[in-house]
Amino acid sequence: MGDDYRSANIVFGRLNIAPWVRSEYKHRVESFIKSGKTFLSRKFIFIIIDVKFLDGVLYGKLAKIPMEKYGIKVNQEELTSKRVPISASIAVDYSNFTINFENHVIIFESRGLLPPKQFEKAFAGIYQKNYRDLSWIKIDLISGVKEISKQLLESMRIIRAKFTITPSNPDYDEEFKPLEDLIKDTKSDKTDLDFHNKKDGLKYEKTIIEQATNLCGKGYGEYTFDVIPKGETEKITLRKKVKSVRVKFKETAENIIEEFSSQFNKYFSDFIKKTK
């Protein structure tokens, strides 16, 4: 590959929105991404740039700009000033991202100066600047469930299982339909579940705990397990692990969409359904 290609780590997530504005999902996401609004955090300004919409996928860059790249424009006649961006603003880092509106999946780069947690915070902050209401948007990273399920079934005694679940919006999947029905019947926009059994351990397989783990692994929340490995007496804590993939791509919207989508299909297409 030539010099116009580069390598980066990418992560995968669900872009979830407040349930009461879910019918406006596509409109709201497009609007805030194209808004030009900024999010300020400490000494940096975050802004979304280079937005394109290609074949049902939205592409853009989240740029991180040092705050000192903004200056004061002085009106000498009125003796007033206005804070304005300097035209030569240089981002210290940026992350390419794509959003697929069919399944609400967002894929973005995990970079040294712009790690996933900072990306998530800035993304949500820009949304809030555009929609000054009680609604929210959040990224729940996708991890899959095979690895954690294998650990829990083969070698662990689960003494605590804790979940924070966001209501999903896929076609129903039978493996977690009972839990989905329970949550959606309450109209809860965030549900906390906390299970304990220090003496005998919790049952995992074919229970609400397995259903909750599947939901979180598919991008609808977070989980934490306190477990005691077989033959041990001290507990350890297992948390949701982010799936990160190394990928090469050309710095164009078309190639980034193609390569990011290819990696997603390789690792996750077997359990991500189209979203209504």
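**Helix H1 and its surroundings**

Author: The buried residues of H1 are Tyr-25, Arg-28, Val-29, Glu-30, Phe-32 and Ile-33. Bear in mind that this is a predicted model. H1 itself covers residues 25-33. An α-helix has 3.6 residues a turn, so residues three or four places apart point the same way. Tyr-25, Arg-28 and Phe-32 are among the buried ones.

What do the buried residues of H1 pack against? Their partners are strand E1 (5-17), strand E3 (44-54), E4, E7, strand E9 (137-141) and helix H2. Take the helix first.

H2 spans residues 116-130. The axes of H1 and H2 come within 9 Å. They cross at roughly 100°. An angle of 65 to 115 degrees counts as roughly perpendicular, and H1 and H2 therefore fall in that class. On the H1 side, the contact is made by Arg-28, Ser-31, Phe-32 and Ile-33. On the H2 side, it is made by Phe-123, Ile-126, Tyr-127 and Asn-130. By class, this contact has five nonpolar residues, two polar ones and one charged one. Arg-28, Phe-32 and Ile-33 take part in the contact with H2, and each of them is buried.

Now the strands. E7 is one of the partners of H1's buried residues. It runs over residues 93-100. E7 is mostly covered, with six of its eight residues buried. E4, another partner of H1's buried residues, covers residues 57-66. E4 and E7 run antiparallel and are joined by eight bridges. In that pairing, Ala-63 stands opposite Tyr-94 in E7.

E7 also pairs with strand E8, residues 105-110. Four bridges join E7 and E8, and this pair runs antiparallel. Here Phe-97 faces Phe-108 in E8. E7 and E8 form a hairpin, with four residues between the strands. His-104 sits in the turn and has a positive phi of about 60°.

Next, a second region. It has an open sheet of four strands, in the order E11-E10-E12-E13, with antiparallel pairing. The edge strands are E11 and E13 (236-239), each of which pairs on one side only. On average, neighbouring strands of this sheet are turned by 15° against each other, direction ignored.

Strand E12, residues 221-229, is joined to E13 by four bridges, and the two run antiparallel. Phe-225 stands opposite Leu-238 in E13. Helix H5 (residues 208-217) packs on the sheet and touches E10 (156-165), E11 and E12. The direction of H5 makes about 55° with that of E10.

Which residue makes contact with both Phe-225 and Leu-238? It is Leu-152, which lies in helix H3 (residues 146-155). Leaving aside neighbours within four places in sequence, the contacts of Leu-152 are Ile-158, Tyr-204, Phe-225, Val-227 and Leu-238. Leu-152 has a relative accessible area of 4%, so it counts as buried. Leu-152 and Leu-238 are 86 residues apart in sequence. Their C-alpha atoms are 9.6 Å apart in space.

Leaving aside neighbours within four places in sequence, Thr-191 touches Phe-163, Thr-164, Ile-165 and Ile-183.

H5 has a helix partner as well. Helix H4 (residues 177-186) packs with H5 at an angle of about 80°, and their axes are 8 Å apart. That angle makes H4 roughly perpendicular to H5. H4 brings Pro-178, Leu-179, Glu-180 and Leu-182 to the contact, and H5 brings Ile-208, Gln-211, Ala-212 and Leu-215. Six of these residues are nonpolar, one is polar and one is charged.

Last, the whole protein. It has six helices and 14 strands. Of its 276 residues, 47% are buried. Among contacts between residues at least 6 apart in sequence, 70% join residues at least 24 apart.

Key: Residues numbered from 1 in each chain as written. Predicted model: local features only at pLDDT ≥ 70, side-chain atom pairs only at ≥ 80, totals over all residues. Heavy atoms only, no water. Contact = heavy atoms within 4.5 Å. Pairing = 2+ DSSP bridges. Axes fitted to C-alpha atoms, helices over the stretch in contact; angles between N-to-C directions. Buried < 20%, exposed > 50% of the residue type's maximum accessible area, 1.4 Å probe, protein only. Parallel < 35°, antiparallel > 145°, perpendicular 65-115°, else oblique. Nonpolar A, V, L, I, M, F, W, Y, C, P; charged D, E, K, R; others polar.
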